[in-house]
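Biologist: I'm new to this one. Can you walk me through it?
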Amino acid sequence: MITTYRLHVNELTEDLIASIKSAFKNKTIEIIVSDTPDETEYLLASEANRKSLERSMQQAEEGEIVTFTVQEFQEKYGSK
């Protein structure tokens, strides 16, 4: 079994450790810790993404937006 926990370091608690111990009873586990970029960093990391986001923000600032209701979306694209 593989489980990924993604959380802020301040969310590390004894309850989390107890939860992991309960999920992997009597097994040897491997814990790997890495930091992850925040969503804004991630989205701006790619030059193409950055330009696309900047263009979208410019369009929104200029009032070039599309709005629709959930019902309109479902009628156009179908509900699943």
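Predicted model: local features only at pLDDT ≥ 70, side-chain atom pairs only at ≥ 80, totals over all residues.

Biologist: OK, how many salt bridges turn up in the whole structure?
Modeller: A search of the whole structure gives 3. In one of them, the side chains of Glu 47 and Arg 50 meet, at 2.4 Å from N to O.

Biologist: Where do Glu 47 and Arg 50 sit?
Modeller: In helix 3, which covers residues 47-61. They are 3 residues apart there, so about one helical turn separates them.

Biologist: And why does that spacing matter for which way they point?
Modeller: An α-helix has 3.6 residues a turn, so residues three or four places apart point the same way.

Biologist: What does Arg 50 do with Glu 54?
Modeller: Arg 50 forms a salt bridge with Glu 54, with 2.8 Å between the closest N and O atoms. Those two are 4 residues apart in helix 3. Lys 51 also pairs with Glu 47, at 3.9 Å from N to O. Put together, Glu 47, Arg 50, Lys 51 and Glu 54 form a linked network of salt bridges.

Biologist: How exposed is Arg 50?
Modeller: Arg 50 is partly exposed, at 24% relative accessibility. Glu 47 is partly exposed too, at 45%, and Glu 54 comes in at 40%.

Biologist: Switching topic: how many residues of helix 4 are buried?
Modeller: The count is 0 among its 8 residues, 70-77, so helix 4 is hardly covered, with buried meaning under 20% relative accessible area.

Biologist: What comes just after helix 4?
Modeller: Gly 78, with a positive phi of about 80 degrees.

Definitions and conventions:
Residues numbered from 1 in each chain as written. Heavy atoms only, no water. Buried < 20%, exposed > 50% of the residue type's maximum accessible area, 1.4 Å probe, protein only. Salt bridge = Lys/Arg side-chain N within 4 Å of Asp/Glu carboxyl O.
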